[in-house]
Amino acid sequence: MKIILASASPRRYELLLQIGCQFEVIASQVEEDNQKKLPPAQLAVFHARDKALAVAGQKLVADDDIVIGADTIVVHKGKIFGKPKDKEDAINMLTELSGQEHHVITGVSVIKGRRIWTDFAVTQVHLKQLCCHEIESYIATGEPMDKAGAYAIQGKGALLVESISGCYSNVVGLPLVTLARLMEKAGVRFL
Ligand SMILES: Cc1cn([C@H]2C[C@H](O)[C@@H](COP(=O)(O)OP(=O)(O)OP(=O)(O)O)O2)c(=O)[nH]c1=O
């Protein structure tokens, strides 16, 4: 039995390593469509499921293998922010999130054979008020471009985060307690 992370995200890779999981990586190639008319948490779960299913369907994945998929979005006043398309998009996201509380939601999906378990975690994050110079110079680090909401709490983006309430690893891209709960259902314990 193998555990397979259906993700190209180095953050998810690091978080799984952190809890001592032995796993392989097969990136899913699924393109998220954040315009889909679904409530935010359902949207994140839908994409997480899609990513895991795309990998679970591959020939090299056996029936008793466990596939993990995840999707992280930022939600502010009902608006969903995925990864910024370009620099201008990143500026707009950070300008909107500046000084505001928002939610980070990660949908998680675990598949084993024909069984599929899904869940999500929500963390409230409060960004400090940012001036144009801070936004410009943060974007110049290159860090925001592959992160939902255009910041990375685990990187220099920590300088933007006033406070959080909820699961930290959820913000980084994989809520570990939520994942462990799903993995237990699939017969795997990390502790
Ligand atoms: C808010 C926030 C997001 N992120 C990241 C986590 C996710 O990798 C990314 C959101 O993009 P996702 O589409 O969830 O994932 P991904 O494209 O990186 O990887 P894959 O689809 O192959 O699984 O944003 C951080 O690293 N730090 C943060 O503080």
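Author: E101 lies in strand 5; helices (H or I, at least four residues) and strands (E, at least two) are taken as DSSP runs and numbered from the N terminus. Residue numbers start from 1 along each chain as its sequence is written. The model is predicted, and local features therefore require a pLDDT of at least 70 and side-chain atom pairs a pLDDT of 80 or more, whereas totals for chains, interfaces and linings use all residues.

E101 is partly exposed, because 15 other C-beta atoms lie within 10 Å of its own. On this scale, with C-beta atoms placed from the backbone, a residue is buried at 20 or more such neighbours within 10 Å, exposed at 12 or fewer, and partly exposed in between. Leaving aside residues up to four places away in sequence, E101 touches Q124 and H126, where contact means that the C-beta atoms, placed from the backbone, lie within 7 Å. From E101 to V61 the separation is 40 residues in sequence and 41 Å in space, C-alpha to C-alpha.

Strand 5 itself, residues 101-112, is mostly covered, with 9 of its 12 residues buried. Strand 5 pairs with strand 6 (residues 115-127) in the antiparallel sense over 12 bridges; strands count as paired if DSSP finds at least two bridges between them. I105 has V122 in strand 6 as its bridge partner.

Beyond strand 6 comes strand 7, joined to strand 6 by 4 bridges and running antiparallel to it. Q124, which E101 touches, has S165 in strand 7 as its bridge partner. Strand 7, residues 161-165, is hardly covered: the count of buried residues among its 5 residues is 0.

Strand 5 also pairs with strand 3, again in the antiparallel sense, over 10 bridges. Here V67 stands opposite I111 of strand 5. In a regular strand the side chains alternate between the two faces of the sheet.

D71 counts as buried because it has 29 C-beta neighbours inside 10 Å. Apart from residues up to four places away in sequence, D71 touches E32, A44, H47, A48, K51, T106 and G107.

The ligand is surrounded by 26 residues, the closest being S7, A8, S9, I153 and G173; a residue is included if its C-beta atom, placed from the backbone, lies within 6 Å. Two or more residues of this shell come from each of strand 3 (66-76) and helix 5 (168-172), and strand 3 gives the most, with 4 residues.

Strand 3 and helix 5 meet helix 1 as well: the buried residues of helix 1 pack against strand 1 (3-5), strand 3, helix 5 and helix 6 (176-185). In helix 1, residues 10-18, the buried positions are R11, R12, L15 and L16. They lie on the same side of helix 1 because they cover an arc of only 130° around the axis, the arc being that of the directions from the helix axis to the C-beta atoms. P10 and L17, on the other side of helix 1, are exposed.

Key
Contact = placed C-beta atoms within 7 Å.
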